[in-house]
Amino acid sequence: HSGTPKGTNRHDGRRHRGRFAGSVAIADGEEQPRITKDIMKRLFYISVFAMLAQSVVLAQEVNYYTPGTGEGVVYFLPKTQLKITIVATKTTYMPGDLYYYAHQYLKISDARKTMETRWTLKQIDVQTIGIPDSTKAYIVKLKDRNMASNVELTHNGIVRAINTTAPESQEPVYRLEKSAPADNPKQYLTEEILLAGSKRKMAELTAREIYTIRDSRNNILRGNAETMPKDGASLQLVIGNLDKQEKALTAMFVGTEASEDFLFSYVIEPRTDAEIIPFRFSKHLGALSADNLAGEPYYLVVRPVMPFAPGVSLPEVRKKKPEGIIYNVPGEALVTLTQDNKVVYEQKHSLTQIGATEVLVEKLFDRKINTRVVFNPVTGGIVKIDKSAE
């Protein structure tokens, strides 16, 4: 085409530009597309707006956490543990100083001469607690336009709430009782008793004082006393004092018993494939660890009632990046404690070990929507979720 007039070439070039909106003629007459400056500016602005739109939709960037890598808020999902709490009563018997003469002077035949300690099981309770699951650690990379930036964690890093404050959990309160200390019988002893030359004589005089107290009480109750209480309140006060003296003096023969409650706790990893011995109990030693053969064993059985088995294994899941906030969907199990084939505790509990994980999709945390989520720090499940437009 070198022989073509220049004017014809310019005319053809103008004609092609009008038809193809951006085509130009090159020296050999062939045409190729070219983006003009105006079109490049338009595409640049379109790409910027697309990136901004994406940053608004992505309320947070969640990924699996590896220690030492990444910046953001690291949270754990909990793993359920069973906390077995025992209230046991310790009763201590102390023999009286005059136990040897109990039958001779008071006709009491069962006075014991040695100190004894016995334990009784008063209460058994099973709770679920949550500990951080190292296989379910996630990092949330917060952004400037993030609508899920308010993440509340427990003291050990378990997620509690997003964009709100979770209510404080109430720990169970166990009432521990303790018997009142016994009166010192020496405060009721007469001078004659204190100056007795032998235990036998002391026992004789003390027994005589006990009988005198009983006679005085009977005379008052029968109305035969020389000096009677003026009213009902005075009568109750006098009778109460006489009973107190008799009990203290009688304790010198029969001894005293003091009881006190103690609290024991055992944290167990629940298993659905085996029977577990969480603790043992002895009437002489109280609550014992599972490996202490001095006590009788208690057996723990966990039977799934409503399991949610994950569809894929954790290694397969971790091949894909999470698409939002990960949370647990716990399963339900029947927890039973038995001793000597007798059921001492049975109740249903939610367990993460027989549950699954799900995702709160990113669109829930769009900039225009204020989504508030409260999680159960024991199971990692959702307790409450609500949202409002900004």
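Reader: Is Leu 288 buried or exposed?

Author: The model is a predicted one. Leu 288 belongs to strand S10, which covers residues 286-288. A residue is called buried when its relative accessible area is under 20%. Because the value for Leu 288 is 10% relative accessibility, this residue counts as buried.

Reader: How far apart in space are Leu 288 and Tyr 266, C-alpha to C-alpha?

Author: Tyr 266 is among the residues that Leu 288 touches, when residues up to four places away in sequence are not counted. In sequence, the two are 22 residues apart. In space, their C-alpha to C-alpha separation is 10.0 Å.

Reader: Which residues lie closest to the centre of the largest pocket?

Author: The largest pocket holds about 760 Å³ of space. Its lining is made up of 33 residues. Those closest to the centre are Ala 182, Asp 183, Ala 251, Gly 255 and Thr 256.

Reader: How many residues in the lining of the largest pocket are charged?

Author: Elements that give two or more residues to this lining include helix H5 (199-222) and strand S8 (256-268). By class, the lining has 16 nonpolar and seven polar residues. The charged residues number ten.

How values were computed:
Residues numbered from 1 in each chain as written. Predicted model: local features only at pLDDT ≥ 70, side-chain atom pairs only at ≥ 80, totals over all residues. Heavy atoms only, no water. Helix = DSSP H or I, 4+ residues; strand = E, 2+ residues; numbered from the N terminus. Buried < 20%, exposed > 50% of the residue type's maximum accessible area, 1.4 Å probe, protein only. Contact = heavy atoms within 4.5 Å. 1 Å grid on protein atoms, 1.4 Å probe; cavity = no way out; pocket = protein on both sides within 12 Å on 5 of 7 lines; lining within 4 Å. Points joined across faces, edges and corners; volume = space filled by probe spheres on them. Nonpolar A, V, L, I, M, F, W, Y, C, P; charged D, E, K, R; others polar.
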